[in-house]
Amino acid sequence: MTLGDAVHLESGDDGHVATITLDQPDRRNALSREINAGITEALDVIEDDEAYADARCVVIEGSGGSFSAGGDIEAMIEGLEGDMPLDERVRALERRTNQLMARLVSFPLPTIALVDGPAVGAGANLAIACDMQLATADAAFGFVFRQVGLSIDAGTSYLLPRIVGENVAQELVLTGDIIGADRAADFGLVNHVYPSDEFDERADEFVEKIVSGPPVAMRHMKRLVGEGLDKSLEQALTDEATAQGIVFQTDDHAEGVSAFFEDREPEYEGR
């Protein structure tokens with residue numbers, strides 16, 4: 001499915017994996033209006049369209065050797081040359097990139113960024129807004145807002161310290177350094193780095209491990225972990241128990257127990 005000219009949405013053979021591909025390689029998949037709108041529409045389709053009812057995981061990738069170059073420089077130039085009032089420019093930012101990041105972080109299905117090439121500025125935020133990140137050895141990350149004379153946006157102050165800690169987050173945003181895949185992995189910005197010639201196969205294996213899990217339970221796991229840092233221990237324990245009470249009643253739980261005692265791989269159906 002083509003969402004405008006900038007984003008494509010595809011479903012795997014079994015319908016369990018929905019892949020969103022950013023496809024403006026001539027602009028290094030910068031978060032243009034078209035790409036922002038395309039990703040948001042793709043997430044809406046995955047969540048609401050019956051054709052994606054079996055989806056268990058969302059993969060986001062870039063085309064043409066880039067994940068995303070972040071802010072749309074052409075749009076920035078237009079903004080400098082135009083006469084849009086400041087408050088309207090701020091509202092435009094909130095409507096586009098900010099809403100996209102909030103939508104992605106709160107999306108109910110597990111999300112995985114496949115990063116090949118640069119992921120910088122808001123493009124780096126798009127990657128870390130996903131639940132997991134897989135990178136090729138050629139990937140690079142940078143929170144390079146200072147290079148264009150801007151402060152951070154697109155959720156940097158929320159997402160980055162939660163992953164790398166405050167000290168490293170300060171270094172990354174204040175220096176604007178672009179770091180390679182291995183250093184990004186050391187910081188926890190990516191889960192795994194794979195050689196480029198093995199990336200597709202290794203990434204497919206990882207995604208398959210995610211989608212083979214019990215879908216109802218996996219949604220609760222994602223939500224609980226995502227909320228955990230903002231809760232007290234008491235609230236976290238209560239919410240976990242509530243979720244467990246729901247999952248105890250699923251057919252997938254019964255299947256998991258049966259498979260354990262029969263020494264076989266469970267076949268979860270998401271109910």
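## Legends to close-up views

**View A. The lining of the second largest pocket divides into 17 nonpolar, six polar and six charged residues.** Here Ala, Val, Leu, Ile, Met, Phe, Trp, Tyr, Cys and Pro count as nonpolar, Asp, Glu, Lys and Arg as charged, and the others, Gly among them, as polar. The model is predicted: local features need pLDDT of at least 70 and side-chain atom pairs count only at pLDDT 80 or more, whereas totals for chains, interfaces and linings use all residues. Residues are numbered from 1 along each chain as its sequence is written, and side-chain values use heavy atoms, with hydrogens and water left out. The volume of this second largest pocket is about 880 Å³. On a 1 Å grid over the protein atoms alone, a pocket is an open set of points with protein on both sides within 12 Å along at least five of seven lines, a cavity is a set of points where a 1.4 Å probe fits but cannot get out, and lining residues have an atom within 4 Å of a point. Grid points are joined across faces, edges and corners, and a volume is the space filled by probe spheres set on the points. Of the 29 lining residues, Cys-130, Asp-131, Lys-222, Val-225 and Gly-226 lie nearest the centre of the pocket. Two or more lining residues come from each of α3 (86-105), β7 (132-136), α5 and α9. The largest share, nine residues, is given by α9. Helices (H or I, at least four residues) and strands (E, at least two) are DSSP runs, numbered from the N terminus. Domain 1 (2-211) and domain 2 (214-262) each supply at least three residues to this lining; the domain bounds come from an automatic or database domain assignment.

**View B. One cavity of 30 Å³ or more is found in a search of the whole structure.** The largest cavity holds about 60 Å³ of space. Its lining consists of Arg-56, Leu-109, Pro-110, Ile-210, Val-211, Gly-213, Pro-215, Met-218 and Arg-219. The elements that give two or more residues to this lining are α8 (199-211) and α9 (215-228). With three residues, α9 gives the most to the lining of the largest cavity. By class, six of the lining residues are nonpolar, one is polar and two are charged. At least three of the residues lining the largest cavity come from each of domain 1 (2-211) and domain 2 (214-262).

**View C. Strand β5 (residues 111-115) is mostly covered, with five of its five residues buried.** Buried means under 20% relative accessible area, exposed over 50%, and partly exposed in between (1.4 Å probe, protein chains only). Thr-111, Ala-113 and Val-115 point one way from β5, Ile-112 and Leu-114 point the other way, and all are buried. Strand β4 (residues 57-62) pairs with β5 in the parallel sense over four bridges; two strands pair if DSSP finds at least two bridges between them. Within this pairing, Ile-60 stands opposite Ala-113 in β5. Strands β5 and β7 also run parallel, joined by four bridges, and Ala-113 stands opposite Gln-133 in β7.

**View D. An open sheet of three strands, with mixed pairing, has the order β6-β8-β9.** Strands β6 (118-120) and β9 (178-180) stand at the edges, each with a single partner strand, so one side of each is left without a neighbour in the sheet. Neighbouring strands of this sheet are turned by 20° against each other on average, direction ignored; axes are lines fitted to C-alpha atoms, for helices over the stretch in contact, and angles run from 0 to 180 degrees between N-to-C directions. Three bridges link β8 (residues 140-142) to β9 in the antiparallel sense, and Ala-140 stands opposite Gly-180 in β9.

**View E. Strands β2 (residues 7-11) and β3 (residues 17-22) pair in the antiparallel sense over five bridges.** Ser-11 has Ala-18 in β3 as its bridge partner. Five residues lie between the strands of this hairpin, in which Gly-15 takes a positive phi near 80°.

View F. Most residues other than glycine have a negative phi. Ala-154, not a glycine, has a positive phi of about 60° and is found in the loop between β8 and α5 (156-164). Ala-154 is buried, with a relative accessible area of 2%. Asp-263, likewise not a glycine, has a positive phi of about 55° and is found in the segment after α11 (251-261). Asp-263 is exposed, with a relative accessible area of 71%.
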